[in-house]
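Today I wanted to look up the pockets of this model and what lines them. Here are my notes, for anyone who likes to follow along.

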Amino acid sequence: MAQAVEEWYKQMPIITRSYLTAAIVTTIGCSLDIIYPHHLYLNPILVAKKYQFWRLITNFLFFRKMDLDFLFHMFFLARYCKLLEENSFRGRTADFIYMLLFGATVLTGIVLVGGMIPYLSESIAEVVFLSNSLTFMMVYVWSKQNPFIHMSFLGLFTFTAAYLPWVLLGFSVLVGASAWVDLLGMVAGHAYYFLEDVYPRMTGRRPLKTPSFIRALFAEEAVVVARPVDLRFAAPAAEDIHQD
């Protein structure tokens with residue numbers, strides 16, 4: 001069993017493995033009182049006035065207490081982050097990192113701006129950790145890129161992947177979790193999907209082109225495409241060439 005888990009962990013792509021490890025270590029550390037959550041949560045005042053910039057990152061690593069909800073989100077993180085990195089972003093690590101940075105930036109901006117809007121500020125103020133929202137964003141992006149895959153929810157009913165975010169949102173409401181967390185992830189995911197997939201097809205322009213300095217940090221992997229066995233690219237033999 002331990003060997004199977006080790007193999008499963010080692011086979012994860014690098015970004016998925018790194019994020020999952022950081023999230024588990026941070027959450028376990030908080031559960032054991034080795035790390036204190038009030039040092040991690042997103043606090044705009046402490047970031048701006050006390051220069052505690054680490055909060056812009058650490059609030060995406062803590063998944064609250066270790067319970068059933070934590071296990072669900074670790075499953076979503078391991079599954080859909082891996083699916084995106086291995087398929088949609090295969091050989092494009094820099095683009096995958098940029099997607100996560102874009103999502104984190106959008107989520108942080110929504111919390112900062114939403115906190116100043118009447119009727120929204122009270123609800124938004126409760127969202128001080130955006131880890132679940134970032135995970136939900138990845139689920140949303142995957143569902144948009146794979147809308148026709150058939151899925152089953154706890155064996156109760158089947159649906160296509162296009163409805164996965166809405167099914168999970170409904171489940172969150174049923175178990176009493178905050179719907180805002182999932183809604184923020186859906187907003188960030190739709191913003192990325194529109195700017196990366198829809199808008200370029202409409203205009204021919206790609207506004208979310210990954211900056212060169214991020215590309216410079218990650219060597220692009222060559223994507224190998226299998227060639228059919230009977231497909232020939234060699235020049236034809238001289239005797240096969242018909243000369244007039």
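**Pocket notes**

I began with the largest pocket and found 36 lining residues, with D69, F72, H73, F171 and S172 lying nearest its centre. The elements giving two or more residues to this lining are helix 5 (68–88), helix 8 (131–145), strand 1 (150–153), helix 9 (164–174) and helix 10 (179–203). Helix 5 gives the most, with 8 residues.

For the record, I work with a predicted model, where local features need pLDDT of at least 70 and side-chain atom pairs pLDDT 80 or more, while totals for chains, interfaces and linings use all residues. Numbering runs from 1 along each chain as its sequence is written, and side-chain values use heavy atoms, without hydrogens and water.

My terms: a pocket is an open set of points on a 1 Å grid over the protein atoms alone, where a 1.4 Å probe fits, with protein on both sides within 12 Å along at least five of seven lines; lining residues have an atom within 4 Å of a point. Helices (H or I, at least four residues) and strands (E, at least two) are DSSP runs, numbered from the N terminus.

I then sorted the lining of the largest pocket by class and got 21 nonpolar, 8 polar and 7 charged residues. Here Ala, Val, Leu, Ile, Met, Phe, Trp, Tyr, Cys and Pro count as nonpolar, Asp, Glu, Lys and Arg as charged, and the others, Gly among them, as polar.

Next I checked the second largest pocket: its lining has 11 nonpolar, 2 polar and no charged residues. Helix 6 gives the most to this lining, with 5 residues.
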